[in-house]
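Subject: Structure handover

Hello,

Please find the structure below. My notes on side-chain contacts follow it.

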Amino acid sequence: KTLNKKRAQAALQRLIKECSIKIVTAGKVPLSILQNQSEIELLRNMILSPNEISESILPNIILLRKLRLGVNISDIFVDNNDAIDAFHLFRNEKYVLWLRNKAVYVALRCGANQNDELKAFLHALIIQKCELGSNTACNTRIKNFVDILYGEEEVFLNILRSQGWDVDNKLYLDFGRPRFDCITKDN
């Protein structure tokens with residue numbers, strides 16, 4: 001089966017829940033999780049296969065409404081300092097995300113592919129589930145966690161493939177077309 005927004009959230013919901021528990025309970029992402037490969041593998045193995053989810057019990061649509069995927073970059077920030085912090089934090093990514101008014105906004109850079117979309121989606125779900133307030137602090141901790149959890153370019157996609165998900169054709173995560181490009185000293 002292909003992954004659309006609802007199926008992806010359903011497939012990742014156990015993983016997201018466990019990640020958020022670990023993050024919120026510790027008050028930060030514990031270094032032991034980041035340094036323990038077997039812990040990362042246990043978390044990755046919480047991804048559900050298509051046979052383990054039922055279309056009738058897909059995740060609550062209300063939660064998905066709080067994910068603003070593929071927005072224009074100008075819709076995310078009301079403060080230039082927030083934009084600077086976010087661009088710095090996500091300087092090596094093909095996406096930028098920010099928490100505002102209990103909604104997670106995600107914008108994709110020019111050149112973002114489906115792997116970038118999936119990583120941004122996973123990242124947004126973890127931030128949403130943690131319901132943490134401070135953007136820069138929580139985003140930094142969670143971003144480091146997501147980077148390690150997601151792994152190298154194909155690691156996460158291979159896990160989804162092994163669970164029976166079709167990630168080779170197209171993901172239907174509803175990101176739409178908007179893309180941004182920014183030029184900074186770091187680029």
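To begin with a question: is Phe 180 buried or exposed? Phe 180 counts as buried, at 6% relative accessibility. Here buried means under 20% relative accessible area, exposed means over 50%, and partly exposed is in between, with a 1.4 Å probe and protein chains only.

Some ground rules. This is a predicted model, where local features need pLDDT of at least 70, side-chain atom pairs count only at pLDDT 80 or more, and totals for chains, interfaces and linings use all residues. Residues are numbered from 1 along each chain as its sequence is written, and side-chain values use heavy atoms, with hydrogens and water left out.

Aromatic rings

The structure holds five aromatic pairs. Rings of Phe, Tyr and Trp (its six-membered ring) pair if their centres lie within 6.5 Å; planes under 30 degrees apart count as stacked, over 60 as edge-to-face, and the rest as tilted. One of the pairs is Phe 87 with Phe 180: the ring centres are 5.7 Å apart and the planes are at 55°, so this pair is tilted. Phe 87 lies in helix H5 and Phe 180 in strand S4, so the pair ties together parts that are 93 residues apart in sequence. Helices (H or I, at least four residues) and strands (E, at least two) are DSSP runs, numbered from the N terminus.

Phe 90 and Tyr 95 form a tilted pair as well, at 5.4 Å centre to centre and 50° between the planes. Both Phe 90 and Tyr 95 are buried. There is also a cluster: ring pairs link Phe 77, Phe 87, Trp 98 and Phe 180.

A charge is involved at one ring. The charged end of Arg 100 sits over the ring of Tyr 105, 4.6 Å from the ring centre. The criterion is NZ of Lys or CZ of Arg within 6 Å of the ring centre and within 35 degrees of the ring normal.

Salt bridges

How many salt bridges does a search of the whole structure find? It finds six. Each is a side-chain nitrogen of Lys or Arg within 4 Å of a carboxyl oxygen of Asp or Glu.

Start with Lys 119. Its side chain meets that of Glu 93 in a salt bridge, 3.0 Å from N to O. Lys 119 lies in helix H6 (residues 114-130), and Glu 93 lies in the loop between helix H5 (80-89) and strand S2 (95-100), so the pair ties together parts that are 26 residues apart in sequence. Lys 119 is buried at 11% relative accessibility. Glu 93 is buried too, at 10%.

Lys 119 also meets Asp 147 in a salt bridge, at 2.8 Å from N to O. Asp 147 lies in helix H7 (residues 135-150) and Lys 119 in helix H6, so this pair ties together parts that are 28 residues apart in sequence. Asp 147 is partly exposed, at 25%. A network of salt bridges links Glu 93, Lys 119, Lys 143 and Asp 147.

Glu 117 forms a salt bridge with Arg 179, with the closest N and O atoms 3.4 Å apart. Glu 117 lies in helix H6 and Arg 179 in strand S4 (residues 179-180), so the pair ties together parts that are 62 residues apart in sequence. Glu 117 is buried at 10%, whereas Arg 179 is partly exposed at 31%.

Cysteines

The structure holds zero disulfides, taken as pairs of cysteine sulfur atoms within 2.5 Å. Cys 19 is buried at 0% relative accessibility. Cys 110 is partly exposed at 39%.

Best regards
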